[in-house]
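Hi everyone, thanks for coming.

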Amino acid sequence: MLTALAVLALILGVARLVMFIALHVVPSEYNIVNHAVSDYAVGPTRKLGTAMTWTSAVFWAVLAGAVIVSPSMTEKSVAIWLLVLTVLFVALPFLPTDIEGQPATLIGRLHLVAAVAWFAISYSCMGNFVRMLQPVAPQGLVSFLVGTRWVTMVSLIALVAALVITPARKYAFGISERIFLLAVNAFYLGVSLGLALI
């Protein structure tokens with residue numbers, strides 16, 4: 001059961017990575033420097049963005065299941081947080097971000113709250129996974145997880161700084177957010193692989 005769930009999570013993680021890349025390749029008025037990834041969910045790429053988001057929701061749910069059934073995953077509270085991520089990703093397509101230059105809306109503010117929550121949860125669970133996988137997973141994979149966790153932390157600090165320092169927002173937020181998202185994706189792909197191997 002563990003292996004099947006971990007392999008399914010790995011497949012879903014790769015699928016969402018492919019869709020993430022596709023969002024930036026298909027024609028749209030957005031670019032990686034000036035626009036948040038959330039913007040892609042309200043324009044011509046909305047359907048692809050929604051598919052990626054709901055694929056991510058299934059990914060988090062399957063990964064939670066793998067944590068629950070794995071005897072090596074001793075910190076079972078992580079599964080609860082992964083299920084919270086599942087709920088957030090199911091809800092996100094119904095909470096589109098506000099379009100830049102338009103008045104702020106309640107839905108847009110709720111989107112921001114959900115985005116902050118998922119960024120925080122996905123990062124905060126990383127340390128738990130490194131601790132649990134370190135004794136049982138290949139050391140090369142553990143080193144990869146440690147490295148991607150550092151990249152995630154640095155990019156998260158950079159994107160928060162870009163939000164706070166208004167002049168930097170236009171030039172730094174989009175890039176730092178994408179580095180963060182790619183690092184998170186890579187980390188949890190590594191977790192899925194680790195669970196499949198133990």
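Let me begin with a term we will need: a crossing of two helices is called left-handed if the near helix is turned anticlockwise from the far one by less than a right angle, and right-handed if clockwise. One more thing before we go on: what you see is a predicted model.

Which hand does the crossing of H5 and H7 have? The crossing of H5 and H7 is left-handed. The axes of these two helices come within 11 Å, and they cross at roughly 30°. Angles under 35 degrees count as roughly parallel, so H5 and H7 are roughly parallel to each other.

Now let's stay with H7 and bring in another partner. Helix H6 covers residues 139-164, helix H7 covers residues 166-197, and the two pack at an angle of about 160°. Their axes are 7 Å apart. Here the cut-off at the other end applies: angles over 145 degrees count as roughly antiparallel, and H6 and H7 are therefore roughly antiparallel to each other. The crossing of H6 and H7 is left-handed. And what kinds of residues make up the contact of H6 with H7? There are 21 nonpolar residues in that contact, along with 7 polar and 3 charged ones.

H7 has a further neighbour to show you, and that is H1. The axes of H1 and H7 come within 8 Å and cross at roughly 160°. H1 and H7 are therefore roughly antiparallel to each other. Their crossing, once again, is left-handed.

How much space lies in the largest pocket? The figure is about 860 Å³. The pocket is lined by 30 residues, and those that lie nearest its centre are Ala36, Thr97, Leu112, Leu163 and Phe173. Helix H4, which covers 106-124, gives two or more residues to this lining, and so do H6 and H7. Of the elements, H4 gives the most, with 8 residues. Sorted by class, the lining of the largest pocket has 14 nonpolar, 9 polar and 7 charged residues.

Next comes the second largest pocket, with a volume of about 530 Å³. Its lining has 29 residues, and here Val37, Met52, Thr53, Phe89 and Leu92 lie nearest the centre. Which helices each supply at least two residues of this lining? They are H1 (2-25), H2 (46-69), H4 and H7. H2 contributes the largest share, 6 residues. By class, the lining of the second largest pocket has 19 nonpolar, 7 polar and 3 charged residues.

To finish, let me point out some individual residues that you can find on the screen. Two of them are in helix H5. Methionine 126 is in H5, which covers residues 126-133. Is methionine 126 buried or exposed? Its relative accessible area is 0%, and under 20% means buried, so methionine 126 is buried. Methionine 126 and phenylalanine 187 are 61 residues apart in sequence, and their C-alpha atoms are 7.9 Å apart in space.

The other residue is phenylalanine 129, also found in H5. Phenylalanine 129 counts as buried, because its relative accessibility is 0%.

Now look over at aspartate 98, in the loop between helix H3 (77-91) and H4. With a relative accessible area of 22%, aspartate 98 is partly exposed.

Serine 176 has 7% relative accessibility, so it counts as buried. From serine 176 to alanine 9 the C-alpha distance is 25 Å, and the two are 167 residues apart in sequence.

Conventions: Residues are numbered from 1 along each chain as its sequence is written. This is a predicted model: local features need pLDDT of at least 70, side-chain atom pairs count only at pLDDT 80 or more; totals for chains, interfaces and linings use all residues. Side-chain values use heavy atoms; hydrogens and water are left out. Axes are lines fitted to C-alpha atoms, for helices over the stretch in contact, and angles run from 0 to 180 degrees between N-to-C directions. Helices (H or I, at least four residues) and strands (E, at least two) are DSSP runs, numbered from the N terminus. Angles under 35 degrees count as roughly parallel, over 145 as roughly antiparallel, 65 to 115 as roughly perpendicular and the rest as oblique. Ala, Val, Leu, Ile, Met, Phe, Trp, Tyr, Cys and Pro count as nonpolar, Asp, Glu, Lys and Arg as charged, and the others, Gly among them, as polar. On a 1 Å grid over the protein atoms alone, a cavity is a set of points where a 1.4 Å probe fits but cannot get out, and a pocket is an open set with protein on both sides within 12 Å along at least five of seven lines; lining residues have an atom within 4 Å of a point. Grid points are joined across faces, edges and corners, and a volume is the space filled by probe spheres set on the points. Buried means under 20% relative accessible area, exposed over 50%, partly exposed in between (1.4 Å probe, protein chains only).
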